[in-house]
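Open the model in your viewer and keep the selection panel at hand. The stops below say what to select and what is there.

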Amino acid sequence: MRITRRIVVSLAIVAIALASLGAFFQVSRDGRAQEEAFARRARLLADGLEGVVLELVERGDRKGLDRLAEAVGDGGGVAGLAVYGPKGELISRSSRLQAAPSSPPDPVRQALRNGSPARGSAGLKDRSIQVDALPLTIHGEPLGALAVVHGPTPAPPRLGSAWRRAFLMALAQTALIVLVTILVLRFSIAGPIAQMALWMKQLRTGEPALRPAPPNVHLFSPLTREVETFSRQLARARAAVEEEARLRQAGEARWTPDRLAEHVRHRLQGRPLLVVSNREPYMHVRRGRSVECIVPAGGLVTALDPIMRASGGTWIAHGAGDADWQVVDRENRIRVPADDPLYTLRRVALTKEEEDGYYYGLANEGLWPLCHIAHTRPVFRPEDWAHYEKANQKFADAAAKEMEGLQEPCILIQDYHLALLPELLKQRRPDARIAIFWHIPWPNPEAFGVCPWRRELLQGMLGADLIGFHTQVHCNNFLDTVDRTLESRVDWERFEVRRSGHATAVHPYPISVAFPETFQDVAPDRASETDRETFLKEMGITGRYLGIGVDRMDYTKGVLERFRSIERFLEIHPTFRGELTFVQLGAPSRTHIKRYHDFLAEVESEAERINWKFQARDWKPIVFLKRHHSHREILPFYRHADFCMVTSLHDGMNLVAKEFVASRDDGAGVLILSRFTGASRELRDALIVNPYDIEEMAGAIDSALQMSREDQATRMARMRETVREHNIYRWAGNLIEALSQVRLDQVVARSE
């Protein structure tokens, strides 16, 4: 109330002062206008009387002049009339001017002396008068002067009333302004501030479930965003403290974001971590006239963004968004995420030809099918290799720029797009600690041998001090490939490659998700979620049972085989027709490549064929949702599904399996998992299947739907504990631990 009173009083004072000042200027202006009108009238009067006065003066008719003076000086703003002789002697004047001195005023003297009209003031005993003097001449001979006197008579009554009207108007305006101000303060400022204060109080006292929605007022939108960011950080910090306290009480040492951040600071001794990948964690795209920041689909972004949030540093990536270059600085950098900047994103620019050759060409038409052995023939074109080399060189230039001024920098390179980068960076900065993590499988030596540039790729990778794969099998395949391809020494006891005075360690680091924080931001309050029945109704799903698949539309994910297993299950178990609906969330990917474009059409055609075969009334067995879905959109499917199918034909890890497990805090649900994923080596309580065996997968669906709640809860609890213990923070901690232990000064000695 004190601030409201101050604002109201201040507004009232200012309003009254401004209104009074305006009235003063208005009255002054009216007074000047009136005075000028009087002057014009006097001039016109003098001009009109000049002939009559001349005639009377020439005749010496004193009485006529007196009568004329009395008649003219009768109101109308004219005080009187006076006639002077050629020497300034007074001849006649109005009776109203009897108090005036008989000597001529200055304007009369000027008119007599100069022979031209003159205007000025003359002093009386108690006031000043205005005089307009006009010389009287005949044939150039001066006969005297005519003086029309007007002057500051008391202000007319209407000027006083103008002051009263102005004051009353000021009071009315002030009252209206004060009323509007009070209403604005009450409903647009005081109310939202009270709401926000209540919200922050509940956050502070640990009642996030009771907090009101943030005030939806445009004036407070910047503050609201900051408060929302603060609330998330506070919730995470409180959860981290509680988790840390619980772990200490239980004598456990689980990896958390805070533990990873401290671990990175300790191991890197304050040096920033540099991550290099093709895909960027945040992309800026145009939406009409505005620019929107989105998170691209992909497991790599899901895995690495929490690490960079925890550890800080710089992420170097290809800027693929159509608005990416509008938001960066001169060094192509931007702080991310936008609502809570925690690390730096540096973007690398590639031409369309370079992107086509490097990314769509060699990386995804060559190396991807080569490493996945998914019965799609790899394509190798010399022009694609040239673009791949050029793109890797651009990434090397950007990384070298970020390493300037850093001693013994640490670089974590991601995936098959940048196989040449480790050697390029090692040549520039021998003191750098470099790791490359290969997120996809590594094939056997015979399969990899079909690549025309196998030697160059291996040499590029061996520029790293550490190479990581998801599984030991992939490590073994890589070492075997190096042993058969390059002149080098493979140490199978230490799992190292020693070549040209440099040692490269090769070890498995199974990647994971940010459990338990993975879904904390998107669903902080489970009680507020839509129940299963309502969710199924909203999705138009009429069956009792729900199965899901969540994939990027890639021919390695076994989507067609999955659909056929649904078909086979319904053939074997017709009682489930109308009862089971399988929802496939599919994000279109790499549609510029013909194989991916054709595959997407195959998936749509297969879903349509199976639906046509079984569809009855408003039920169909397969619902294919072909678009990118955010974590917030995927989460209800995970939590309400009876089973989730991950049926990759060949996969390095597959984080969908771990995301599904992390989301099931209710202990329900069954995971059907391909034996050809890295995740199958950790999540042993899933129903492990061969995706090429349609009968086996149909049987797994039956087992999932028949499994008791107790068995589901037991299996899910063990899988959740595995994901919890081996989360993304542990993966990053182990990788950085190994990288930090590389002894650069002994590399040559050790290799000799």
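Two strands are taken as paired if DSSP finds at least two bridges between them. Helices (H or I, at least four residues) and strands (E, at least two) are DSSP runs, numbered from the N terminus. This is a predicted model: local features need pLDDT of at least 70, side-chain atom pairs count only at pLDDT 80 or more, and totals for chains, interfaces and linings use all residues. Residues are numbered from 1 along each chain as its sequence is written, and side-chain values use heavy atoms, with hydrogens and water left out.

**Whole chain.** Select everything: the chain has 22 helices and 23 strands. The chain exposes about 35800 Å², of which carbon and sulfur atoms supply 53%. Such areas come from the Shrake-Rupley method with a 1.4 Å probe; for residues, only the protein chains shown count as cover.

**The open sheet.** Next, select strands E18 to E23. These six strands form an open sheet with parallel pairing, in the order E20-E19-E18-E21-E22-E23. E20 (622-626) and E23 (687-689) stand at the edges with a single partner strand each, so one side of each has no neighbour in the sheet. On average, neighbouring strands of the sheet are turned by 20 degrees against each other, direction ignored.

Zoom in on E22 (residues 670-674): three bridges join E22 to E23, and the two run parallel. Here Leu 673 is opposite Ile 688 in E23.

**A helix across the sheet.** H17 lies across E18 (545-552), E19 (580-587) and E20, at about 140 degrees to E18. Axes are lines fitted to C-alpha atoms, for helices over the stretch in contact (heavy atoms within 4.5 Å), and angles run from 0 to 180 degrees between N-to-C directions.

**A surface patch.** Which residues form a nonpolar patch on the surface? Select Leu 21, Phe 24 and Phe 25, which together have about 300 Å² of accessible area. Patch residues have over 30% relative accessible area and no salt bridge; like charges are joined within 9 Å, nonpolar side chains (Val, Leu, Ile, Met, Phe, Trp, Tyr) within 5 Å. A salt bridge is a side-chain nitrogen of Lys or Arg within 4 Å of a carboxyl oxygen of Asp or Glu. Leu 21 is in helix H1 (residues 2-59) and is partly exposed at 43%.

**Last stop.** Select Met 169 in helix H4 (residues 157-204). Met 169 is partly exposed, at 49% relative accessibility. Met 169 and Ile 16 are 153 residues apart in sequence but 9.2 Å apart in space, C-alpha to C-alpha.

Key: Buried means under 20% relative accessible area, exposed over 50%, partly exposed in between (1.4 Å probe, protein chains only).
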